[in-house]
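Look over the sequence and coordinates first.

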Amino acid sequence: MFKRKKKKDLASARPSGFADIWFRFRKNKLALAGLITVIIIALFAIFADVLADYDAMAIDQHPEIRLQGPSGEHILGTDGYGRDMFARIVHGSRYSLTFALACTAISLIGGTLVGATAAYVGGAVDSVIMRVLDAFHCMPAMLLTISLSSALGVGLKSIIIALSISGIPGYARIVRSVMLTISQQEYIEAAKACGFGSLRIIVGHMVPNAISILIVNAMMSMAGLIMSAASLSYIGMGIQAPAPEWGAMLQEGQTYMREHFSMVLIPGLAIVITALSFNLLGDGLSEALDPRMKD
Amino acid sequence: MWKYVLRRLLVMIPIIFLVIFIVFFIMNITPGDPVQMILGNDPPQQAVEDLRRELGLDQPFFVRFFNYIKNALKLDFGLSYRSRRPVFEGIWPKFPTTLLLAVLTVTVSTVLGVILGIISAVKEYSAVDVTLTFTSLIFASVPGFWLCLMLIIVFSLKLHLLPSSGVGSIRHFILPVLASAIPSAAYLARITRTQMLEVMRQEYIRTARAKGATEKRVIFKHALKNALMPIITIAGTSFAAALGGSMITERIFGLPGIGNYILTSVQAKDVPVVMGSTIFLSVIFMVMMLLVDLAYAYINPTLRSRFSRK
């Protein structure tokens, strides 16, 4: 009975790959909600100019309509300079998504290079790289980012570099340990026994197996990056006002928080919703990509 | 055991040097001329040259670096650009505030997190469990500084219950501690829940139950003891992180701790202070992590026996 059931399951099992992952991902409703929210935020960022004109609504000041509550014309109200909150939130999503994507990509590439070098070369090189990574690990992360961004100056580019550099040691550690684990797996031995070359083993077997772990970590780190970037801007070391960055908006809105707490509520909720969606998406992906969860 | 301690201490030495090098390098590329900062605009030529020599700026990078290390080992991190007083004198008096904040934060978050985690695990899939799990998921996505602002709005501005900034009484610490402790309690609750659930599935739990132990005894005597291992590591790490990571919290609540001091110094480009405090905090972080590992090795019988046999 058990055996037959197993066979039937195998017959109905989807081919391993994208469809298989999607099948498992779809079952997790929270993760699905996270994915949909991320897509909506991405659409907001892409079509920000269509939804609200940047200069006219998010930057130009209109003192006569300052600090208004939500209305048909301004669905989230206006801020202390009479700028439309909705327009600023929508344009702010561009900053947050840019930080998340750019920093993750740079950290991932940098971390993979460093970690793979350590794992592949081994010996003294590995020891030196590991000690340097340990040293980075000992410095409080936020402090490292703040010192880096003060060294690089304010602006979009320097925040991206500062956050990316802070992210490299983490990925390097993961890549190194994953590479070392994978290289000892039996399927790598089997591939070697089949007479495959190093390139085929690395590209065809090691990378695909390492990549799922990296994707999950990248997704999880996006939420953290969005929050760190907002914190940097909030303390005045990132994107500067009047740019509609969410952290910078919180810094400005703080002045009015006694009477108009929506000034600090709305940008904060934007950060929380975005970070939460990425966390849910990451959680779901880690379940969907983890082969042990296969049923 | 002592061999393990000694080995760990020896490993720390090169890492401390590397930390100093990284910090020194970052600060070296930071724009801004210290001479101009101290003397202001248009100082006399002679004064500029004297000061450059005094600060050692006329020497090459590595000479300055080795001089810095030599002095740093004696806790001499140079003079602050702003006050012209030794950096360490500025840092040390601010340490108790940061330490108190970290101790309170970790105590509150560990107690809260472990209790909620146990409840969650024991009543798996109950309404309490689902609520706790979802809440901890949300708090993982709330930026610390925004939580500070929200607490101020609710407890200071609306309810007028607690002061929003300053020091003086323990009441001034309630909001900062809550702001730092809630997210980490949420995280700890999640870990405790997973750990407890894993331990509860072990065979020795079944054995304990089969022997007729009460549910209370099974949970607290058998399961919790084993589940606590990784929790100790996390609590230790979060204590170390609280020491270095409460900059923005200290800033928002106006607490005169090291974090607040660093932020002001970064913004004033007071390089020696930033360097000194970063190194100070990193070394404390390292010592904390070492203590956590030692505590772990001490508690964990398998690790202890491995090192005592050698």
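Residues are numbered from 1 along each chain as its sequence is written, with chains lettered from A in the order in which they are written.

**Confidence**
- The model scores pTM 0.84 and ipTM 0.82.
- Chain B has a mean pLDDT of 83, with 97% of its residues at 70 or more; pLDDT is the predictor's confidence in each residue, from 0 to 100.
- Where pLDDT is low, predicted coordinates should not be read in detail.

**Domains**
- Chain B splits into domain 1 (11-81) and domain 2 (94-267), with bounds from an automatic or database domain assignment.
- Their centres, taken over C-alpha atoms, are 39 Å apart.

**Helix pair α11(B) and α14(B)**
- The axes of α11 (215-245) and α14 (271-299) of chain B come within 9 Å and cross at roughly 170°.
- The two helices are therefore roughly antiparallel (angles over 145 degrees).
- Residues in contact (C-beta atoms, placed from the backbone, within 7 Å) include Phe239(B) in α11(B) and Phe285(B) in α14(B).
- This contact has 14 nonpolar, four polar and no charged residues.

**Contact with chain A**
- Chain B gives 35 residues and chain A gives 34.
- On chain B's side, 28 are nonpolar, six polar and one charged.

Conventions:
Predicted model: local features only at pLDDT ≥ 70, side-chain atom pairs only at ≥ 80, totals over all residues. Axes fitted to C-alpha atoms, helices over the stretch in contact; angles between N-to-C directions. Helix = DSSP H or I, 4+ residues; strand = E, 2+ residues; numbered from the N terminus. Parallel < 35°, antiparallel > 145°, perpendicular 65-115°, else oblique. Contact = placed C-beta atoms within 7 Å. Nonpolar A, V, L, I, M, F, W, Y, C, P; charged D, E, K, R; others polar.
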